[in-house]
Amino acid sequence: MILSPKTAEAQQFQASLSHYSTDEGLASNAISKIKQDDYGFIWLSTWNGLSRFDGYNFYNYQTGAGSRIPKLHNRILDMVIDTQQNVWMRMYDGRVFVVKRSTDMIVNAFENIMTSEEAFTSHPLMVTSSGDVLVNVDGVGLYKLRMEQNGIQSQLITTGNLVVTSMAEGYQNDIWLGTDKGVHRMDMSNLTIERKGLFLDEEICILYSNGYNIYVGTESGKIMSFSYGQDTKVLHIGDQRITGLFVDSHGVVWYSDNREGVHRILPDTSDEKTFTQRVTVPDYDGQGGEFDEVNGVVWIRLNKGGYGYYNREKDEVEYFHNDPSNPWNLSNTVNARLELSEGVIWESTSRRGLEKLEIQKNTIERLQINPNEEASLTNEIRAMAFDSHRQNLLIANKAGELYIKRANGETIMVNKNSDGSPLGRIYGIYVDSKDNYWLCSKGNGLYKFTPNAQCDHFTIENYRHGSNEYSIANDNIYNCVEDGEGNMWIASYGGGVNIMTRGKDGKTRFIHSGNVMHRYPFNSHKKVRCVAKGPDGNIWVGTTDGILIMSYKNNKISIEQVKPSEEEPSKILMSNDIVCLALDRQGDMWVGTNGGGIAHTLGKDSKGYWLFENFGSADGLPNEEIRGMTFDDRGNVWFSTDHVLCSFDTSKRIFTTFSSLDGVDETVCSEGAAVCMPSGNVLFGTVNGYYVVDRSKLVASTGNVLKLRITDFYVNDELQSPRLTDLFDYYVPESKKVVLPNHSSFFAFRFASLNYQLQHRVHYQYMLDGYDKEWQNADRNRIASYGDLPTGCYRFKVKAFLLESPDKFDMREIEVEVPPYFLLSTSAIWLYMAAFMAFGIWLLFWRQKILEEEEKMRVLREGPRRQRQLDETDDFLIFLNDYLNLHFSDPMLSVDDMVVAADMPEDKFVLQLRRSSGMSPKEYVSEYRIKKAMTMLETTADEIAIVAYGCGYLDVAAFNRQFKARTGVMPSRYRDMHKA
């Protein structure tokens, strides 16, 4: 949730917890600082390296001897990020290093200074609003550093006989220095320190600026303040060294000294109060209090242990899921913390590792019909409907109460039959074409409510099972629907389908398997949960053993059992246990099942069997047990699973899951209880109230709030950075253009939204402009892969959006240049000329290369049956082919694996393979896998995804692109071309 004072004062924050450690890729479990850059990346300085986190993956920078950077210690004590997003680190030994974002390289901040061997600092680093970094070098003075394109520019600021202890920036971009002889102003125009200062008899240990006022903490225990044109003030006189200082937006002064806890001073009364927390693992070092204010909420790390937020109404520092009295809570000994405005708290505690606490926003509310009622059935909502004519919302519970909520806010409750008896457990509500209300009860049969003009009084008719053979089949009624002839179709659990019609005598009668419906398959389809009208007016019947399609016309009953297609066995229902049915506005029937996910009709095969498209866990469903289903005004499908709400965008074919972060808790959802209101709100019944999804609260205010970034770039499956490889001298994700190293390079971009509160709901689409014809949906890996593109310039685009507001997206772009084959490049032409002048030597070499390329394409066309014939005399290739034949399907197969198997040094292995095949190891494996895939496509009927997985590809889209790049056609087209 967005943090606000009102929320903080009204209740304790509820949050979900995620824990990360070295098992998930964190550089070290011992974290010293947590920062966020302007892009949204989370940076973690640790005792064994630097980590960048995007919410999914850790990207680590090695420190210490393993980094091969001279003098770089492995532990990081402090970290700041400048305005260019470079990351400056103060190491354990006091040296300063910086990650230059444009190259992704770690450099010594003082590498171009003669005294770099002696440049140590024991003080925090400071970033000014103009982008300079100030470093207080022990025994030398202040350095002003700035990262430029050609390196770090530095200027030494002489401090004379002053020992600088702290720094703060005023409102005119001036810098104030706390020293052992008071506070002095530094003129940034000429980098000189004014000798005339304030509090000259005090040794200053800490400064704080709120942009206008400067607050001063001293070694003697005093707190003073001053501002331009005003007298200095003494706010506190104590006898303990001030170790932390902060002023919040209400003017409350917060400080810590050597004592346990923190203290606050009210601005109007000067009243002081001390706050402490019980701590099971004390921080004996006492690093001082830390304070930060996020959207009006003050978050505090207490001195010597304790962490929480200030409840201004109670005047208390509340625990934040870390009360030691609850053993399930986190430790409140916090080593590092970061609070984000979107409602995410990052912590590293005495438990070590990284904790992510996402404060619940509760944009989705769960309301109760009667919050004061203890009886569980009262708030168990099993039936919902909307009367569009009268604008009434109808809600019924298992306690037998019908609530009619009018548009004017009035609510009418009915819980008695006309004879005064209870209605019973209500499982379904239906509004017919004459605006009558039909209530389906489990145990008390079917009710017809005929309202008066004001809809405040009803004539109630109750239909029960009796001795008359044309009475309703049984009294356990779940659902009903009206057909085009005015007949009511009734789902009875245990009695099959009932058709309510009128006989020649004008009396109501129920047709079912117990009288004239002799062809009804009662034994297998007696338990009916739901009925729905199909696109042709026929009635679809959902039972615990499949679907029936029925009609009743001219006194004739038609019954069709939906059977699985033999022609397309992949397009059958994944479960015959039907829970709900709903027809969308395109005329497709949607089916919610128990254990088989959700499906919709695709039409029929040549034999007349219905075909279905299924969606399950592999497609993004959190659970394959569907409970309720409805459609919004955009045609999207909304449905509930066991205890999670979901939506499916039918045009983009993307699922969105709503969980505890959005207000959806562990409450179990009810079967069949779902309705969409004219306002666009979607309602779902549960065993304890009903959810109200206000879709207007689910939209993004702007696309920028999603903070989309391209996070990684790969070439031939290898992560690229000048720090890791020598292919590029710039960091591609931070650049505007990338030129591929050669024409045949396979490349990929990875991306992520860096809004950690919305991240679970963000979807991505990408396209390579000039190659892709339309936007592609990204899968869960958030990777877009391409390879062997025609020569030219392309533009890679990726956008992030919420399904509820797809037009408010964030987008990133980068130009991609694919060079020509070397033999067609300008450099090659010069070589041809040189070769011609050198008596055709290079021309012959060029001709030989062409012949090799032609032979390679010939082998590719002939497929893997020729693989062993490449060079039977080459023992090396024979061995390698035998090894790949056993391991090519392993997606984790690496060059190291092949090198170990060959028992030869890696450089010799690579050289031998190039001599034998003209390819690198990764190119050879890729070609081998494609050939295997060609064989599988020619000889088996396996789905494309099975072929891809069988050949070692985890990403089917990447497989399709590589296959097309190698063969010129997609896998499906290739199979069609090679059918017998």
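**Hairpins, salt bridges and a negative patch**

Leu393 has Lys405 in strand E36 as its bridge partner. That pairing sits in a predicted model whose protein chain carries eleven helices and 69 strands. Along the principal axes, the C-alpha atoms fill a box of roughly 115 × 95 × 40 Å, and 54% of the 980 residues in the chain are buried.

- Strand E35 (residues 392-397) pairs with strand E36 (residues 402-405) in the antiparallel sense, over four bridges.
- Four residues lie between E35 and E36 in their hairpin, and Gly400 in the turn has a positive phi of about 85 degrees.
- E36 is also joined to strand E37 (residues 411-414), again by four bridges and running antiparallel.
- Ile404 has its bridge partner in E37, namely Ile412.
- The hairpin of E36 and E37 has five residues between the strands, and here Gly409 takes a positive phi near 95 degrees.

**Salt bridges**

- The structure holds 55 salt bridges; a few of them are picked out here.
- Lys273 and Glu316 meet through their side chains at 3.4 Å, N to O. This pair links distant parts of the chain, with Lys273 in strand E25 (residues 272-275) and Glu316 in strand E29 (residues 316-319), 43 residues apart.
- Both ends of that pair are partly exposed: Lys273 has a relative accessible area of 25%, and Glu316 has 36%.
- Glu355 and Arg351 form another salt bridge, at 3.3 Å from N to O. Glu355 is buried, with a relative accessible area of 0%, whereas Arg351 is partly exposed at 46%.
- Asp632 and Arg695 also make a salt bridge, their closest N and O atoms being 3.6 Å apart. Asp632 lies in the loop between strands E54 (628-631) and E55 (637-640), and Arg695 in the loop between E60 (689-693) and E61 (708-715), so the pair ties together parts that are 63 residues apart in sequence.
- Asp632 is buried, with 6% relative accessible area, and Arg695 counts as buried too, at 12%.
- Lys33, Glu290, Arg301, Arg337 and Glu339 are linked up in a network of salt bridges.

**Negative surface patch**

- Helices H6 (895-902) and H7 (906-917) each supply at least two of the patch residues.
- Asp907 is found in helix H7. Asp907 counts as exposed because its relative accessibility is 59%, and the cut-off for exposed is over 50%.

Conventions
Residues are numbered from 1 along each chain as its sequence is written. This is a predicted model: local features need pLDDT of at least 70, side-chain atom pairs count only at pLDDT 80 or more; totals for chains, interfaces and linings use all residues. Side-chain values use heavy atoms; hydrogens and water are left out. Two strands pair if DSSP finds at least two bridges between them. Buried means under 20% relative accessible area, exposed over 50%, partly exposed in between (1.4 Å probe, protein chains only). A salt bridge is a side-chain nitrogen of Lys or Arg within 4 Å of a carboxyl oxygen of Asp or Glu.
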